[in-house]
Amino acid sequence: MSVKVLYFANLRETLGYSHETLTLPAGIATLGDLRAHLAHRGGVWEALGEGRNVRAAINQEMVGPDVAVADRDEIAFFPPVTGG
Amino acid sequence: MSEIQRQFDSVAVQEADFDVGDEIATLSAGRADVGAVASFVGLVRADKLSGEGSAVSAMTLEHYPGMTEKSLEAIVTEAYGRWSLLGTRVIHRFGRLVPGDRIVFVGVASSHRGDAFAACEFIMDYLKTRAPFWKKEDTPEGGRWVDAREADDSAAARWDAWD
């Protein structure tokens with residue numbers, strides 16, 4: 001399964017990436033799994049770790065950690081929004 | 001043009017400034033059924049958000065192209081479902097802005113003022129917590145990402161009681 005992952009705002013700056021294409025190892029079924037997988041890279045990636053205030057979207061819809069990820073999904077991680 | 005199409009055309013995410021008078025006038029132009037137009041304009045304040053520390057000399061607004069437009073369209077669609085509306089216009093700018101610059105415009109047309117006032121405030125409250133925009137302030141000490149405010153979550157949540 002391959003997904004595109006986008007990062008925004010201070011998360012993008014912290015991680016040093018705006019996007020990447022990832023081939024996911026077996027066992028990653030949900031958004032929460034993917035987030036834990038990324039945080040497990042360590043270092044700056046701990047910004048995605050448990051307890052950090054991070055929001056996420058799948059295919060441009062804001063969703064929670066239990067939502068399933070599918071092949072070719074566009075997944076985004078970002079801080080709480082501050083527009084308006 | 002279908003009702004849905006009309007709603008979606010009413011959303012713009014752009015770098016350019018907008019003319020408040022033109023936007024308000026357009027909401028009722030050529031129609032006799034509009035009895036009320038309510039509008040809101042958000043501006044960059046020099047002491048924006050943080051309230052303490054250094055003055056803000058400028059800010060840069062980042063967004064998520066595609067999702068930002070979709071989320072604004074979803075908010076407008078929800079407003080149409082809650083109130084009797086005849087037209088809406090939402091414009092949100094991105095890029096670099098300085099104190100005094102306009103950031104956001106929300107305009108709502110309806111037959112009577114109640115629907116226009118309520119829908120205008122609802123759209124702003126939902127936009128603050130659901131539309132993917134992020135502000136980074138420039139200060140003499142460097143860039144500073146603005147933290148989300150709990151007050152904005154509370155403002156958006158009070159509309160849930162209506163369901």
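Q: How do you know how H3(B) and H4(B) pack against each other?
A: In this predicted model, H3(B) and H4(B) pack at an angle of about 145°, and their axes are 10 Å apart. Two packed helices are described by the angle between their axes and the distance between the axes, so these two values give the description that is needed. The passage of H3(B) over H4(B) is a right-handed crossing.

Q: Which residues of H3(B) and H4(B) meet, and what classes do they belong to?
A: From H3(B) come Ser71(B), Leu72(B), Ile75(B), Val76(B), Ala79(B) and Arg82(B), and they meet Ala119(B), Phe122(B), Ile123(B), Tyr126(B), Leu127(B) and Arg130(B) of H4(B). Residues count as being in contact if their C-beta atoms, placed from the backbone, lie within 7 Å. By class, this contact has nine nonpolar, one polar and two charged residues.

Q: What makes a residue of H4(B) count as buried, and which residues are buried?
A: A residue is called buried if 20 or more other C-beta atoms lie within 10 Å of its own. Among the residues of H4(B) that are buried are Asp115(B), Ala116(B), Cys120(B), Phe122(B) and Ile123(B). The buried residues of H4(B) pack against several elements of chain B, including strand S2 (36-43), strand S6 (102-110) and helix H5 (150-157).

Q: Why are strand S5 and strand S8 of chain B called edge strands?
A: The open sheet of four strands in chain B has the order S5-S3-S7-S8, with antiparallel pairing. Strand S5 (95-97) and strand S8 (142-145) are its edge strands, as each pairs on one side only. From one strand to the next, the twist averages 25°.

Q: How do you know that strand S3 and strand S7 of chain B pair?
A: Two strands pair if at least two bridges are found between them, and strand S3 (residues 58-63) and strand S7 (residues 133-139) of chain B have six bridges, so they pair, in the antiparallel sense. Within S7(B), Trp134(B) is the bridge partner of Glu62(B).

Q: How many bridges join strand S3 of chain A to S4(A)?
A: Two bridges join strand S3 (residues 55-58) of chain A to S4(A), and this number meets the cut-off of at least two, so the strands pair. They run antiparallel, and Met62(A) in S4(A) is the bridge partner of Ala57(A).

Technical notes: Residues numbered from 1 in each chain as written. Chains lettered and ligands numbered in written order. Predicted model: local features only at pLDDT ≥ 70, side-chain atom pairs only at ≥ 80, totals over all residues. Axes fitted to C-alpha atoms, helices over the stretch in contact; angles between N-to-C directions. Buried ≥ 20, exposed ≤ 12 C-beta atoms within 10 Å, placed from the backbone. Contact = placed C-beta atoms within 7 Å. Left-handed = near helix turned anticlockwise from the far one by under 90°. Nonpolar A, V, L, I, M, F, W, Y, C, P; charged D, E, K, R; others polar.
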